[in-house]
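Biologist: Please show me how to read this model, one feature after another.

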Amino acid sequence: MSLLRVDSINVFYGDFQALYDISITVSEGETLAVIGANGAGKSTLLKSISGLMPLAQGSISLHGDDISRVSAHERVNRGIALTPEGRRIFPSLTVEENLLVGAHSKRPGPWNLARVYEAFPIVEERKDRYGINLSGGEQQATAIGRALMSNPTLLLLDEVSLGLAPVVVEQIYAALPRITEQGTTVLIVEQDVSQALTVSHRAQCLLEGRTVLEGPVSQLTREQITAAYFGI
């Protein structure tokens, strides 16, 4: 059974249509990579799933229940957590205080401070440091940890690698297997195709708001991905 099902959604910013009849499915325990160039509609898709963008058409279901008109706050309570583009760490709070904000829903599950610190040692090392004093990589690790503190069944990761040094990106991606081992399903939105595909079971490529390629990562060739990514 699919954990998440997105059926033929259309999404607009005012008069501008950002998504055209997008459909995706994500099974429990799966990692899906949604890839594409800047402006492809990837972040809009995550905002729609998390309840931050309304649908013009189509539907979104979680565990078979239609959540298309459910508020963003209630979607967190139901098990969807978003790590947004830009991280959005609270600068006046310490790392640990940022993490505790993520636990406000009090959903039961495996994730707590100790488990987050185990997955991201750098977060534990910086737990008393204020958000404003964190590097980009430290902010990203903290943002992911904060999302995990809500004990999501579905974790949405938006542009994990954006603006980070390659070595930092590798460290963050190295923690993803630990996340899925705890039963958390992951949907990654990325421009860094190689990193995303390394940890994903399936991939779906967007171009100008439309799906142009999808399938198991093991069956997609580099030539197919390149052509879809650039619209060749």
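Biologist: In which sense do strand 3 and strand 9 pair?

Modeller: Strands of a sheet pair through backbone hydrogen bonds, and the pairing is either parallel or antiparallel. Here strand 3 (residues 31–35) and strand 9 (residues 202–207) pair in the parallel sense, over 4 bridges. Two strands count as paired if DSSP finds at least two bridges between them. Helices (H or I, at least four residues) and strands (E, at least two) are DSSP runs numbered from the N terminus. The model is predicted: local features need pLDDT of at least 70 and side-chain atom pairs count only at pLDDT 80 or more, while totals for chains, interfaces and linings use all residues. Residues are numbered from 1 along each chain as its sequence is written, and side-chain values use heavy atoms, with hydrogens and water left out.

Biologist: Which residue stands opposite Val 34 in strand 9?

Modeller: Gln 204 is opposite Val 34, and Cys 205 is opposite Ile 35.

Biologist: In what order do the 6 strands of the open sheet come?

Modeller: The order is 6-7-8-3-9-10, with mixed pairing. Strand 6 and strand 10 (210–216) are the edge strands, each pairing on one side only. From one strand to the next, the twist averages 15°; axes are lines fitted to C-alpha atoms, for helices over the stretch in contact, and angles run from 0 to 180 degrees between N-to-C directions. Helix 1 (residues 42–50) packs on this sheet and touches strand 3, strand 6, strand 7 (154–158), strand 8 (185–190) and strand 9. Contact means heavy atoms within 4.5 Å. The direction of helix 1 makes about 150° with that of strand 7.

Biologist: How many bridges join strand 3 and strand 8?

Modeller: They pair in the parallel sense over 5 bridges, and Ala 33 stands opposite Ile 188. Strand 7 and strand 8 are also parallel, over 5 bridges, with Leu 154 opposite Thr 185.

Biologist: Which residues of strand 8 lie on one side, and which on the other?

Modeller: In a regular strand the side chains alternate between the two faces of the sheet. In strand 8, Thr 185, Leu 187 and Val 189 are on one side, Val 186, Ile 188 and Glu 190 are on the other, and all are buried. Buried means under 20% relative accessible area, exposed over 50%, and partly exposed in between (1.4 Å probe, protein chains only). Strand 3 is mostly covered as well, with 5 of its 5 residues buried: Thr 31, Ala 33 and Ile 35 point one way, and Leu 32 and Val 34 the other.

Biologist: Is Leu 157 buried or exposed?

Modeller: Leu 157, found in strand 7, is buried, with a relative accessible area of 1%. Beyond residues up to four places away in sequence, Leu 157 touches Leu 46, Thr 83, Ile 144, Leu 176, Val 186, Leu 187, Ile 188 and Val 189. Leu 157 and Val 186 are 29 residues apart along the chain, and their C-alpha atoms are separated by 7.5 Å.

Biologist: What is the order of the open sheet of 4 strands?

Modeller: That order is 2-1-4-5, and the pairing is antiparallel. Strand 2 (16–27) and strand 5 (65–66) are at the edges with a single partner strand each, so one side of each has no neighbour in the sheet. Strand 1 (residues 2–13) and strand 2 pair over 8 bridges, with Tyr 13 opposite Phe 16. Helix 1 packs on this sheet, touching strand 1, strand 2 and strand 4 (57–62), and its direction makes about 115° with that of strand 1.

Biologist: How much space lies in the largest pocket?

Modeller: On a 1 Å grid over the protein atoms alone, a pocket is an open set of points where a 1.4 Å probe fits, with protein on both sides within 12 Å along at least five of seven lines; lining residues have an atom within 4 Å of a point. The largest pocket holds about 480 Å³. Of its 19 lining residues, Val 76, Ala 81, Leu 82, His 104 and Arg 146 are the closest to the centre. Grid points are joined across faces, edges and corners, and the volume is the space filled by probe spheres set on the points. Helix 2 gives the most to the lining, with 4 residues.
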